[in-house]
Structures are given as C-alpha cells and as structure tokens.
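Trainee: I have a new model open and would like to learn how to read it. Could we go through it together?

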Amino acid sequence: MNTNHSPEQLLSLYLDGQIDDAGLAEFEEALRQDPDNFELELRLGMAALKVGKLDRAAGIARDIQAKYPEDVNGFKLEGFVHVRNKEIGMARAKFEKVLAMAPGDFESAFNLVQLERVAHRYDRAIEIAATYLEWNPDDLAMLLRMAELQVAIGQPDNAVPWLERAMKAYPEQPAPRVIRAERYMKAKEYSKALETTVPAITSNPNNLKLLELTAHAQLAMGLNSEALKTLQRLIRYEPEVFETRYYAGVTAVAESNSDLAKEHLEKAIQLRPGHP
C-alpha cells in the first residue's frame, strides 16, 4: 500500500476496504497530527478492528467515549471488539447502552438480536427486534430476522405476517419471497408458492433460488411445459448441476421432446455416471 495519504484519502481507502497494517500506521500518524479529528479517530478504531488489532480498537473506543460521551459510536465500536473477543456479556452491555441512546441504531440492534439468538434467549431477541422495528418499520433485514425468530421458537405461522410485511415493503426483493415460497412448498401449497415466486422473477431474472422453487412448484402441479422453460433458464446459469439436468430431461420426455430429453439426460449421466 502506498504511503503518505491525506486523511481524506485514508478515509476513502478505509471505506473501500483497503486498509492493512501499513495503512493503519498512516492512520495513527494522521491522528497524531490531528488528535481532535473525530471521524479520523473513529475510522482508525474501525480499521484496527478490521485488521485484528483489538486492543488498539478497544483503546480508541474508550477514548472516543471519554471525549464524546453523547455519541454512540465509541460504545458501538467497543461492542464490536467484545464480540470479536467472544466477551458476550460485555458486548451485550455496550449494544444495550447504544440502543438506550439511539433505539433505531441498526448495527447495535442486529448484533444484539444475534447475540440473544445464539444464547437461545429468543424472547429477548424478539423484544429487541420489535422495538427496533418501531423506529424502522420497513427494515428488510430485521423483518426477515423477526420471521426467522418465530420459526426458531416453533411458531412458523407467526413468521408469515413479518414475511408479508417485507414483501409489501419490498415487492421486488427475492429474500422474503424465497422464504415464504419454501414454507408453501413444505406445506404442499404449490399454487401459493408460484404466486409468491413468479412476481419477483421479472425483476430478479438471475435469482437461482426463485427459479428453482418455481420449477419445482410447476412440476408438482403438472405444469410440465412451464417447468421445462424454467429449468432451461436455470441450466443457462448453472449448466453443470445434475438435478436440474435430470429434471429437465425427464420433463422433456413427458413433453415428447426427444431431442431435448436426450441432451439433458446424457449430460446428467455425464455429471453423475452412477445414477440409475
């Protein structure tokens, strides 16, 4: 990495993910020359965290807290350090403090939900997520995490409103539709699965999971012609997947398309010679 960057260039390199040990040393020198530059000090702390200098990151976090006690970033940075050190109780305390100061802070809320989830404290995780969503009602990541938490506590039906809320807020986003369609497929509600996946394919034509779910729903409903078209699209993106080739070949047989059946079944045999 080149040396003698300006503070602005260092910040840009940090944001581009290009900080290494040499860059960290430049950050240190820049901060020594401008010790009251809050943004520089915060990014130095995040850069130290990124390259694994956890003691230095923690020291910077505490310095920021002392100098700027009303700002959440120092507490949040120390929380990240505690997570990296697997100091869960201390990480939890820092993120809780941030949320007391700024209930809509995504990074603290999301990390805290994850900590509680891993600790199997699902009620607390749900409480944190719900409070955050009061401040940011259309946050896609937290809506999906809330749905996931409902499944984790054995209440998959309670996940549905959160997924539908995400789908309403982000009609073209594939993630909530994939999760919803998977639930429909598991329940053998194939037409509902199709109603869920198809609207998103137009804006996400390369999403393999959407295409895969669509194809399986079409096959389950006996929509062989439509399924074959969907499988053909999948093959364009992933030509070396046995299952897709096999299903395409079998479906082509059902559609009396011998040339296409031969092409896909021969490729399936090539990919998995021992398959009966």
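Mentor: Gladly! Let's begin with helices: they are DSSP runs of H or I with at least four residues, while strands are runs of E with at least two, and both are numbered from the N terminus. This is a predicted model, where local features need pLDDT of at least 70, side-chain atom pairs count only at pLDDT 80 or more, and totals for chains, interfaces and linings use all residues. Residues are numbered from 1 along each chain as its sequence is written, and side-chain values use heavy atoms, with hydrogens and water left out.

Trainee: Where is Gln65 placed?

Mentor: Gln65 lies in helix α4, which spans residues 54-67.

Trainee: Is Gln65 buried or exposed?

Mentor: Buried means under 20% relative accessible area, exposed means over 50%, and partly exposed is in between (1.4 Å probe, protein chains only). Gln65 has 12% relative accessibility, so it counts as buried.

Trainee: Which residues does Gln65 touch?

Mentor: A contact means heavy atoms within 4.5 Å. Leaving aside residues up to four places away in sequence, Gln65 touches Gly74, Phe75, Glu78 and Lys94.

Trainee: What about Glu28?

Mentor: Glu28 belongs to helix α2 (residues 21-33) and is partly exposed, at 27% relative accessibility. Not counting residues up to four places away in sequence, Glu28 touches Leu44 and Arg56. Glu28 and Glu41 are 13 residues apart in sequence, and their C-alpha atoms are 8.6 Å apart in space.

Trainee: How many helices and strands does the protein chain have?

Mentor: The protein chain has 16 helices and zero strands. Its radius of gyration is 25 Å, well over the 19 Å that the globule rule gives for 276 residues, so the chain is more spread out than a compact globule. That radius is taken over C-alpha atoms, and the rule is 2.2 Å times the number of residues to the power 0.38. Along the principal axes, the C-alpha atoms fill a box of roughly 75 × 45 × 35 Å.

Trainee: What share of the residues counts as buried?

Mentor: Of the 276 residues in the protein chain, 41% count as buried.

Trainee: And what is the average pLDDT of the protein chain?

Mentor: pLDDT is the predictor's confidence in each residue, from 0 to 100. The protein chain averages 89, and 91% of the residues score at least 70. Over residues 1-17, pLDDT stays under 50, and the model has 33 contacts beyond four places in sequence for that stretch.
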